[in-house]
Each structure stands twice: as structure tokens, then as C-alpha cells.
Amino acid sequence: MNIVVCVKHVPDPEAPVTQFTVDSAGQKMVPAPAVVSVVSPFDENAIEAGLQLKEAHGGKVTVLSLGPLSSLEALKRGTRMGADDAVLVEGNDLPEPAPQTTAHILAKAIAKIGGYDLILCGRQAADWDQGQVGCGIAENLDLPYVSIVSKIETLEKALRIQCLTEDGYEVMEVSLPVVLTLTNEINQPRLTTVAGILRTTTMKIPVWSLQDIGVDPAAAVECGRLAELKNLRIPEVKVECQIVGGETPEEAALSLVNVLRSDKVI
Amino acid sequence: MQNSREVIIFAELFDGRLHSGVPELCSLARGLADQLSGVASAILIGTDVKGLASELISYGMDKVYAADDARLHNYQPEAYTAVIEQVCRSENPEVLLFGQTLRGRDLGPRLAFRLKTGIATDCVEFTIDSVSKKLVVTRPAYGAKALATLTFLSQPAVATLRSKAVSPAEKNEARTGQTIPIEVNIDFAKLRIKYIARVKQESEGPKLEDAKVIVSGGRGLGQAENFKLLEELAKILGGVVGASRGAVDNGWLPSTRQVGLTGTIVSPRLYFAIGISGATQHMAGCASSQYIVAINKDPEAPIFRRAHYGVVADYKPVVAAMIQCCTQ
């Protein structure tokens, strides 16, 4: 099974909000220099799922990213985990959030990679949290699409998948090729593999320009001009936390129960 | 193009009834339609939906487009997309709204891409720009660290509404409206996604989103076993147990118990965050709780900047003592 996994390089979502500011135009989050960039967490689940399918059924896993050259680091995370190939589509200063633009470009790149059976994405990227690009890739390539998948089983030329519901899950069957977005319930991403680390040190990851994949940059930006970011801000959260203490855990517990009782919360 | 000035919601069903978030969507759609001097409508897809159409009208809808078809009883994304697309192409609404539920997260982008229009998910504020008459929305970004305000340059403006962001509509049985049957012209044999089954995993008791008291645990609990203590406290307080994504990732509780940006949005009277650091993506799911109580041994944990009451201690003896106090 030939699998393409789309990954995004994002500022570490675990970094606290105090490490971020918004640029003067109110358009971009600016992380402090200490904040590292990582593979968006749900995309790591997608890499892991791809690798597990490859291990069970053969084929190969290609990790694909759109972004500046620094996104090569996200792809190397994928190859260290065990992905066979990686491709970066270099896109600088593309407007964000514009999922239609991203989906258009990634679909063109996937078409150029070719020979795919399965395209995996995370359910949403940790920066804009929109959850749209997977769907957009499917629409662009006229493929079926299933979102928020928590389990994948293979059938002959089809997949049997589970998607989360509010009280459990639904089972669906879908023909290949297909685009799936995955949720963290599906697996625990592996760290790295020795073979992956060794291959990555010598691997030359191809960098494609938009022109290389037949994308007109102006047209790509234009197709994403459907909504416009007016303003981005970090809201101030003001909660006065009253620390309830005591000499012993029992005293602290009693104090807490007492304040909650006096507030008539319990 | 003549603006139709129509706001359409997708009225999601859950177990054959309107999803609990639908009255919120009705209230939002009514308000936006009034700002546009337009009409508010709902799309209803399923079987035996007649009674539900009247219910939607009593919640403030002027029109209900009802696709009542046994073949649509279970959720089939392609078929549902086709029905909603059909209504939108014929009615050309100004705004198309979904709940930020798993269904809404699935259908919203499908419709936006199909109709080649813009979409904003998980929106918490909605208004109509007084000059352009376009929808303006505010939504969290960067794991709820930031708030983004967007305006639409395309029609319909597609958006999903975060649960509990607006007050639900009140029922008024005296209201009248129109139910418009939708003819379903779908070749079901050609659908590439086939529904097989639905499996319930949820335990008995109140649902997370309806609970008045939630006792949530995070990575700090260390192991699944330790949730038993939280369950005991929840039981005594008449509440239920929740979890952070970290706890769910570790397999300690099922994902149906996850509170946060990608889990359930809750606003109970009392929310306990135990062994939870307080990442913004978690707080996005519980910040509107009336009281947040944090128990964490790390005094620097961000949760103490979001909680009303905090105990800096190992949670185990504190929770055990609370259980003692509350049973006496």
C-alpha cells in the first residue's frame, strides 16, 4: 500500500501562552525564540498509522509537507520514524489561514507523487485548528474522505474504519484510494527507529517549488481568498486563584470542602 | 446576485432526536437572520422527522427543509453532503451553520469545499457587519491560546458553532413555519463510503456535557487505576469523571470522556482539574465552568492561573480526605 502522509511543522503546542505574542499587524502568532517547532501532534499519529499499515501490508510511506525550508525538520521526524520518502513543497509567505490554498497545493503535489492508495492527515493542525485541509485534498483529487478516524483495518481494495461518535464509534467501509484524517485515539506515535535515523542522515529530501508541481502561486492564493483574517489576539485571562491550604492533606481537603460549601457549589 | 438573506442550520440528530446543541444553533440563526432582515431555516435529514420539524419551528425556525428517507437513517457523509448541497444550491443562503460536533466538523468542510466557499470552525462569536452585511466570526486558534476574527468574502459563509457559546433558543409552541420536503435524488449504489454499524461505548449515567459536577484527571494521575478515586468523589458529588487529552492518550479513559478543544466542551457548576497542567487546549473545553478547582503538586502549573480555587499538593490524600469529609 502506497501511503502519503501530510505533515505540518508548527510551534510546539505544549509551549505556554506566555511564550507567544501577536505581530503588530494582528495577523500572525510569533513564538519566542525558545519555542521549538514540531510535527503537529495529530500528524504524528498519521505517520504512525501509515508506518503500521506498511509494516503489515508492504508498500511505502511518503511524508509530504508544505512550508518554508525549515519544514524539512518535520519531514526528517517522519523519516526518522521510518517513512521511506519525503517531499517538501516550498511555500513561503502564503496567507494563513487559507485551507483551500493549502489543499490545492498539497493535492497537486500528491498528484505528482502519484501511485497512492491512501492519503493520511491529522484531524487538525495545532496552529489554526481548522480541520479542513484533509477534506480539501479529497475534493481536489475527487477521492472519498473520512474524518476523525480512530481505527483502520484493511480489506481487499478497501478499508474498514472506525470514526469517533459522541457515545462510541461508527464503522464505515470505504474504497481505495481515500483520504483519512486521524485522531489521537488511533495510536501512540513511536519515537524514532535506528534504521530511520541512519537513513535520514544521508537522505536528500527533494524540495519542489510551486511551479514544479504546476501551481500558479497567484491562482493558489486567489482560490483561498474566501475568508479573511481581520485580527488575531491573545485574550487576557483574569482569574484570581485562591490557594486553599493546610498543614496536612486532610486540612487542605476540609478547607476546600468548606469554601465550596460556603459558596453553595456543593 | 440577489442576496437571499437566509440563514440555514444543519439540525443534527442524535438517537432520533434533535442533538442537544440544536437549540443553540436555532438561537444563533434566529439572531443572525433578524440582523439580516431575513429568514432562519433548518435542514433535517433522517427518518420520521415530521415531529422534529415542528420542534425546530417552535425553536424559532421559519422553514424546515426535510429529507425524510429511510436510506438516510444512518449517517452517510456523501449522501448528507449531497442533500445539504442541493438545498444550498437552490436557496443560495447567506450563512450555513453547523454545530462544532463530530458531525459538524465532518460536514462543514465538505460543504465549504463543495460550494467553493469559506468556512470558519469552532466559532464562539458571530455578528453581521453593519456595512457589508457579511458574517464576522471569532474563533480560537493555536490550541485556544489566541482568538482570531474572520470575515467572509464568499457566500454562503459556512461556520460551526462551539457548544455552549450562545444560549439555547426557548421553545414557543405557538410559532408557525413551513416544512418543505426535499426529494432525495442520490444514487446510493455509487457512494464510496458505506455505513456498517454504530457502536456505543458510553457508560450509564449523565453525559459529560450535561453533568453539573465534573471531576477530571490528567497525566498527573500516573495510571488508569487512580481514576477510581476520582470516580468515588464524582459519585458522592453527583457528578461524572472527565479526562485531559494526556489521560486519554495513555488509554486511561475512553475518548468520550475527553474535555477540551478536540473533546467535549463542558460548563458545569463545578469542575475539578486534578493532575492536569492546564494547557490552553484543555481549558478551551472547561473555561466556562462556574467554579474551577485545581489540585496539582506543581505550584507553577498554568492551571492555577485559570482556577478559582487551588490546592498545591499531591492529589491522592487530598481527594481521599475530601471523600471522607463529604460522606460524613
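Colleague: Which term describes how α5(B) and α8(B) run relative to each other?

Modeller: They are roughly parallel to each other (under 35 degrees; over 145 is roughly antiparallel, 65 to 115 roughly perpendicular, the rest oblique). This is a predicted model: local features need pLDDT of at least 70, side-chain atom pairs count only at pLDDT 80 or more, and totals for chains, interfaces and linings use all residues. Residues are numbered from 1 along each chain as its sequence is written, while chains are lettered from A and ligands numbered from 1 in the order in which they are written.

Colleague: How do I read a helix pair?

Modeller: Two packed helices are described by the angle between their axes and the distance between the axes. Here, take helix α5 (residues 227-236) and helix α8 (residues 315-327) of chain B. Their axes come within 10 Å and cross at roughly 25°. Axes are lines fitted to C-alpha atoms, for helices over the stretch in contact, with angles from 0 to 180 degrees between N-to-C directions. Helices (H or I, at least four residues) and strands (E, at least two) are DSSP runs, numbered from the N terminus.

Colleague: Which residues of α5(B) and α8(B) make the contact?

Modeller: From α5(B) come B:Leu229, B:Leu230, B:Glu232, B:Leu233 and B:Ile236. Among those on α8(B) are B:Val319, B:Ala320, B:Met322 and B:Ile323. Contact means C-beta atoms, placed from the backbone, within 7 Å.

Colleague: How does the length of a helix get checked?

Modeller: Multiply 1.5 Å by one less than the number of residues. Helix α1 (residues 22-35) of chain B has 14 residues, so it should span 20 Å. Its end C-alpha atoms are 20 Å apart, which agrees.

Colleague: Which residues of α1(B) are buried?

Modeller: Buried means 20 or more other C-beta atoms within 10 Å of its own (exposed: 12 or fewer; partly exposed: in between; C-beta atoms are placed from the backbone). In α1(B) the buried set includes B:Val22, B:Leu25, B:Leu28 and B:Leu32. After α1(B) comes B:Ser37, with a positive phi near 50°.

Colleague: Where does A:Leu64 lie?

Modeller: A:Leu64 sits in strand β6 (residues 60-67) of chain A. A:Leu64 is buried, because 23 other C-beta atoms lie within 10 Å. The C-alpha atom of A:Leu88, 24 residues away along the chain, is 5.9 Å from that of A:Leu64. Beyond neighbours within four places in sequence, the contacts of A:Leu64 include A:Val4, A:Cys6, A:Val87 and A:Ile110.

Colleague: What about chain A as a whole?

Modeller: Chain A holds 7 helices and 15 strands. Of its 266 residues, 50% are buried. Its C-alpha atoms fill a box of roughly 65 × 45 × 40 Å along the principal axes. The domain assignment, automatic or from a database, gives domain 1 (2-223) and domain 2 (236-266). Their centres, taken over C-alpha atoms, are 44 Å apart.

Colleague: Which residues does the cis peptide bond in chain A join?

Modeller: A:Leu176 and A:Pro177, with omega about -5°. A:Pro177 is in the loop between β11 (168-175) and β12 (178-182). Chain B has a cis bond between B:Gln155 and B:Pro156, also with omega about -5°. B:Pro156 is in the loop between β10 (146-152) and β11 (157-161) of chain B.

Colleague: What is the phi of A:Asp129 and of A:Ile148?

Modeller: A:Asp129 has a positive phi of about 50°, yet is not a glycine. A:Asp129 lies in the loop between β8 (118-122) and α4 (133-141) of chain A. A:Ile148, also not a glycine, has a positive phi of about 55°. A:Ile148 lies in strand β9 (residues 145-155) of chain A. With 26 C-beta neighbours inside 10 Å, A:Ile148 counts as buried.

Terms used. Two residues are in contact if their C-beta atoms, placed from the backbone, lie within 7 Å.
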